Amino acid sequence: MRKLILSSMVMMAASQSAFADAEYIDRARVLSVAPQVQQINQPRQECHTEYVRESVYESSRSNTGAIVGGVAGGLLGSAIGRGNGRIAAAAVGAGVGAIVGDRVGNQNTYGNERIVTRPIEQCVMVDQWQTVTTGYMVNYEYQGRQYSTMMDRDPGPVLDVAVSVRPNVVQIQPMPAPGYRPAAMRGRGPHQHRQYW
């Protein structure tokens with residue numbers, strides 16, 4: 001009896017290995033390839049130089065009149081003053097002479113206005129839209145049937161496909177030998193029918 005069960009198990013293992021799945025690589029014919037595209041914005045910075053005109057005021061005043069007036073006033077003050085007051089008179093004369101000389105020397109002088117040009121760099125962000133290919137929708141035919149898949153590249157006229165082969169049968173578990181009853185059922189009342197699968 002044990003030999004029969006053991007031989008059944010060996011036959012079952014052999015049948016399982018005979019029905020093992022097989023996989024191989026074959027070639028399919030590509031029917032069409034459609035690139036999948038997407039618009040992507042990659043902004044960039046654009047800079048350019050602008051020239052700005054500005055007015056600059058320059059004074060054309062001269063100190064020559066003040067110097068000459070101060071010297072002349074000091075000499076005149078020292079000539080007028082006597083004794084100890086001579087130094088004070090020279091100082092007062094120099095001060096008054098400097099003021100008068102400055103006003104006389106610069107009475108017809110006005111400031112000069114000059115136009116200068118200064119460069120200023122201006123920068124702005126500019127949209128830059130680009131069309132980017134994100135993949136390829138590939139339609140192909142294998143063994144008379146059509147399939148579709150998304151790929152990261154254009155495969156060309158043929159496409160390698162992995163083919164898996166397995167039997168299209170229902171596998172049946174081996175039945176116990178006739179007259180065999182599990183040890184738990186031996187010697188316990190009437191025969192009972194049990195299903196084992």
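**Predicted fold, sheet pairing and salt bridges**

The mean pLDDT of the protein, the predictor's confidence in each residue on a scale from 0 to 100, is 75, and 62% of the residues score at least 70. The model is predicted: local features need pLDDT of at least 70 and side-chain atom pairs count only at pLDDT 80 or more, while totals for chains, interfaces and linings use all residues. Residues are numbered from 1 along each chain as its sequence is written, and side-chain values use heavy atoms, with hydrogens and water left out.

The secondary structure consists of three helices and six strands. Along the sequence the elements follow the pattern α-β-β-α-α-β-β-β-β. Among the elements, the lowest mean pLDDT, 54, belongs to helix H1 (residues 2-18), and the highest, 93, to S5.

An open sheet is formed by four strands in the order S5-S4-S1-S6, with antiparallel pairing; two strands pair if DSSP finds at least two bridges between them. Strands S5 (145-151) and S6 (158-165) stand at the edges with a single partner strand each, so one side of each has no neighbour in the sheet. Neighbouring strands of this sheet are turned against each other by 35 degrees on average, direction ignored; the axes are lines fitted to C-alpha atoms, for helices over the stretch in contact, and angles run from 0 to 180 degrees between N-to-C directions.

Strand S1 (residues 22-41) is joined to strand S4 (residues 129-142) by twelve bridges, the two running antiparallel. In this pairing, valine 30 is opposite tyrosine 140 in S4, and alanine 34 is opposite methionine 137 in S4. S1 is also joined to S6 by eight bridges, again in antiparallel fashion. Here arginine 27 faces aspartate 160 in S6.

Side chains of opposite charge can pair when their charged atoms come close. A salt bridge is defined as a side-chain nitrogen of Lys or Arg within 4 Å of a carboxyl oxygen of Asp or Glu, and four are counted by this rule. One of them connects the side chains of glutamate 141 and arginine 29, with an N to O distance of 2.5 Å. This pair links distant parts of the chain, with glutamate 141 in strand S4 and arginine 29 in strand S1, 112 residues apart. Another salt bridge is formed by arginine 118 and glutamate 54, whose closest N and O atoms are 2.7 Å apart. Arginine 118 lies in strand S3 (residues 112-126) and glutamate 54 in strand S2 (residues 44-58), so this pair ties together parts 64 residues apart in sequence. Arginine 44 and glutamate 46 form a further salt bridge, at 2.6 Å between the closest N and O atoms.

Partly exposed residues include glutamate 141 at 23%, arginine 29 at 48%, arginine 118 at 39% and glutamate 54 at 31%. Valine 96, in helix H3 (residues 85-105), is partly exposed at 47% relative accessibility. Together with Val92, Val100 and Val104, Val96 forms a nonpolar surface patch of about 350 Å² accessible area. Areas come from the Shrake-Rupley method with a 1.4 Å probe, and for residues only the protein chains shown count as cover. Patches are made of residues with over 30% relative accessible area and no salt bridge, like charges being joined within 9 Å and nonpolar side chains (Val, Leu, Ile, Met, Phe, Trp, Tyr) within 5 Å.

Technical notes:
Buried means under 20% relative accessible area, exposed over 50%, partly exposed in between (1.4 Å probe, protein chains only).
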